[in-house]
Number of protein chains: 2
Amino acid sequence: MTTKKTNRTEIGTLGEFGLIDHLVSSFSTKNPSTLTGVGDDAAVLDHGDAMTLISTDMLIEGIHFDLSYTPLKHLGYKSIVVNVSDIYAMNGTPEQVTVSIGLSNRFSVEAVEELYAGIKKACLNYGVDLIGGDTSASNKGLIISVTAIGRAKKEKIVYRNGAKVGDLLCISGNLGAAFLGLQILEREKQIWQSNPDIQPDFDNQDYLIGRQLKPEARFDMIELFAKHQLIPTSMIDISDGLASDLFHICKQSNVGAFLEESGVSVHPDTEQQAIKFGMDPITCALSGGEDYELLFTINPNDFEKVKYLPDVYIAGEIINEDQGVMLHTKGGNIHPITAQGWQHFNKGKGPK
Amino acid sequence: MTTKKTNRTEIGTLGEFGLIDHLVSSFSTKNPSTLTGVGDDAAVLDHGDAMTLISTDMLIEGIHFDLSYTPLKHLGYKSIVVNVSDIYAMNGTPEQVTVSIGLSNRFSVEAVEELYAGIKKACLNYGVDLIGGDTSASNKGLIISVTAIGRAKKEKIVYRNGAKVGDLLCISGNLGAAFLGLQILEREKQIWQSNPDIQPDFDNQDYLIGRQLKPEARFDMIELFAKHQLIPTSMIDISDGLASDLFHICKQSNVGAFLEESGVSVHPDTEQQAIKFGMDPITCALSGGEDYELLFTINPNDFEKVKYLPDVYIAGEIINEDQGVMLHTKGGNIHPITAQGWQHFNKGKGPK
C-alpha cells in the first residue's frame, strides 16, 4: 500500500543530490514573491524592501551525529550554526530560527534542557530569535529540524551561480580540521568500546575536536564584506567539503576552476594529525566537510579589497567550463578534481 | 556524556505543551523584525509592507502516521495541508514551503516519488511553491519536516490572544470525522493483523477515512473573510481537538468560553460511526483532532457578516475567565470542559 508501482529503484543509485534534483525537477514556482527556490544555500523571497532568505536542515541521530561523543549542548549549538551558515553564504543576516525536535523516551527533560541551552547560546551569539517549532515523540533517537530566516538587500545577495571566468577563488579560514576531529572521536569511541577501562586520549587535539563538535559560522566575513564594500560574485558555505562545494559553484555558474593547493589553508594540527592517520592533508581539506568556512569568488578588480582581509586565502581562479575543475599541487602536478575528490587521489584511506 | 546532571525528569511529566513552554521560557527575542515568536499557529515577522508568517511541523512515522494504511501520496499531501492550515489560521496566505525528509533504506525512489506527487498536488491546490529542504538517510522510518511561509497585511493578522468577553465563538465545518476515520483504519489494521485473509471493511466510510487521510485546509474561509471584510478577533486551526484548541484561545486571551453542543456541527457519518463504536459524538468532536477546521471568535457587531457564511457555525460565546470553559449540552446540562475534554465526560471509551 505504500507505493502503487512494482518497480524498485534504490535511493543509493541517485545519491542525495541526484534524489533532490530528481524529485523537484517537476515542480515549478508560481508566486511572484518566490525569487529563487531549491538549489542554493537558501531560498530567496521578494518581500519588498529587503529579501527574505530561508534555509532548512534536518539532523538525525546515528546519521548526522553520534551522542556517544557529542554533548547535547554542543549539538544544540551546532544545529543552529549549520543553518545560519547557509544564510551568511548568501551574504545575508540571519534573524530568526525555528527548531522542531523528535525525541525518544530515553531522553529526560534535563537532557532536552542541555540541548536547548546550546540552542540558546547559539541564538545569542548569532543574534537570532527562536520563533517557533515543535517537540514530538520519536520511535528512535533524536531528530532536529531547524529553519533559519534571514534578510538581505536584493543587490547584496550572493548566489552560487555568479562566478565568471577570471574571478579569483577565495576561502575563509582553514579546512580539514572538522573531519580529522571526527576521525579522532570515532577512533577513541572504538578503543573505548573494545576496552572501557582505557581513558580517551584527546591530548593536544582540542582544536580539531572543537572544530567538529562546536563549529562557528563566519558572520565576521559578512561584516568584513560590508565594511569593505565587497560583494563576492558567488558564494557557498563549505559543509560537504571543498571539492564538492566548489563543484556546486562551477556547475551552477557553468564555469571551471583552477585550485592552488598552496592557497588552501590547513591548520598545523590538521597537518600533523592527517600524517599520523596516514592521510594526505589536502585530501582532508578537499573532502572533509563540516568546516563551515566560506568559499567565494570575487571580480579581479576587487583584488585590493580582499588582499588585506584577515583569514581569507586566495586559492585559485575561475576558468572556462571546458577546462574542468583542476588542482595544482604543491609538487607542481595538475590533477582533475571530482566532487568525490579524495577517491581520485587514492591513498587508500579516504573519508566516507 | 549526554547530560551533565544526575536528576532525571521524564518528559511525560510535562506533556508536549508543557515541555515547549518550559524550554522556550528563558528565550527572549531581540530582532526588531520579530513581532511574535513561539505560541501561535505561526510566527509573525515584520518585513515592511506586509508581514511574513512562518509555521513548521515535523511528522514522524509510527508517531504521526502509520504507513500500513496511509498511502504515501496522501501523506505528502497532508504534510503540506497541516502547515498551510497554520498560515490560514493567522488569516494569512501561504506562499512557500520547505520540505526536509529523512528516509530509511526500505524506501525506494518510486516510493519517494509517490510522496512528492502528493506534495506537488498540495502545492498546486494551495498555490504554494516548494523552495527548499533536504533529503537524508534515517535509521528508522520516514521523517517529514515542513515549514510554510506566508504573508499578510499587519492589520489583517489574527492571533490566538484577541478574543474578548461577548465575542461569538465560530467553527468552520464539522468536527470529529478525522478521528473516527483513524479509529476505523486502526480497527481494520488490527483485524487484518490477526487474520490477513479478511478483507478490510471500508464500506460507506469514505467520508470519515478521507477526512483522516486527506484533510483540506480552509483557504475558502480566508477568502470569505476578505470578501465580507470580516476580521476575526482570534483564530486557531483545530488540529488537537476543539477542547484543546479552545483552551489555547481562552488561555492566551485570558477569557472563558461557553460552548453550545448544538452549535458544534457533526457529520451524519460521524454521528453513526461514533454510536457504533459506543462513543458520544460530541466527545469525538471535542477531543478528536486533525479536522483542520478553523475555530475563531468575532465581535458581536460582525454577526450579520458571519450569519450567512456557508459552513460556519456559531457555537457559543466568550465569557469571563473566572467563569471557565463550559459546555452546554443538548440535554440542558452545563459541564466544565478541560483540555482533555473527553475524560470528564467519562464514557469509558475516549480517544488517546
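**Notes on the model**

1. In chain B, β9(B) pairs with strand β11 (residues 293–298) in the antiparallel sense over five bridges. Strands here are DSSP runs of E of at least two residues, helices are runs of H or I of at least four, and both are numbered from the N terminus; two strands pair if DSSP finds at least two bridges between them. Within β11(B), B:Thr297 is the bridge partner of B:Ser234.

2. On the source: this is a predicted model, in which local features need pLDDT of at least 70 and side-chain atom pairs count only at pLDDT 80 or more, while totals for chains, interfaces and linings use all residues. Residues are numbered from 1 along each chain as its sequence is written, and chains are lettered from A and ligands numbered from 1 in the order in which they are written.

3. The pair in point 1 belongs to an open sheet of seven strands with mixed pairing, in the order β9-β11-β8-β12-β10-β13-β14 (chain B). β9 (234–238) and β14 (334–336) of chain B are at the edges with a single partner strand each, so one side of each is left without a neighbour in the sheet. From one strand to the next the twist averages 25°. Helix α7 (residues 242–253) of chain B lies across β9, β10 (256–260), β11 and β13 (325–328) of chain B, and runs at about 155° to β9(B). Axes are lines fitted to C-alpha atoms, for helices over the stretch in contact, and angles run from 0 to 180 degrees between N-to-C directions.

4. Chain A also has an open sheet of seven strands, in the order β9-β11-β8-β12-β10-β13-β14 (chain A), with mixed pairing. Its strand β13 (residues 325–328) pairs with β14(A) in the antiparallel sense over three bridges. A:Met326 stands opposite A:Pro336 in β14(A).

5. The domain assignment, automatic or from a database, gives chain A domain 1 (34–156) and domain 2 (168–345). Domain 1 of chain A contributes 17 residues to the contact and domain 2 of chain A contributes 19 residues; residues are in contact if their C-beta atoms, placed from the backbone, lie within 7 Å. On the domain 1 side, the largest share, nine residues, comes from helix α2 (residues 72–88) of chain A.

6. How are the two chains related? A rotation of 180° with 0.0 Å of shift along its axis superposes chain A on chain B (RMSD 0.0 Å). The two copies are thus related as by a two-fold rotation axis. The superposition is by least squares on the C-alpha atoms of residues with pLDDT of at least 70 in both.

7. Between the chains, 80 residues of chain A are in contact with 80 residues of chain B. On the chain A side, α3(A) gives the largest share, eight residues. Of the interface residues of chain A, 100% are also interface residues in chain B, so the copies meet through the same surface.

8. A:Asn139 sits in the loop between β6 and β7 of chain A. It touches A:Ser104, B:Gly62, B:Ile63, B:Lys140 and B:Gly141, not counting residues up to four places away in sequence.

Technical notes. Two residues are in contact if their C-beta atoms, placed from the backbone, lie within 7 Å.
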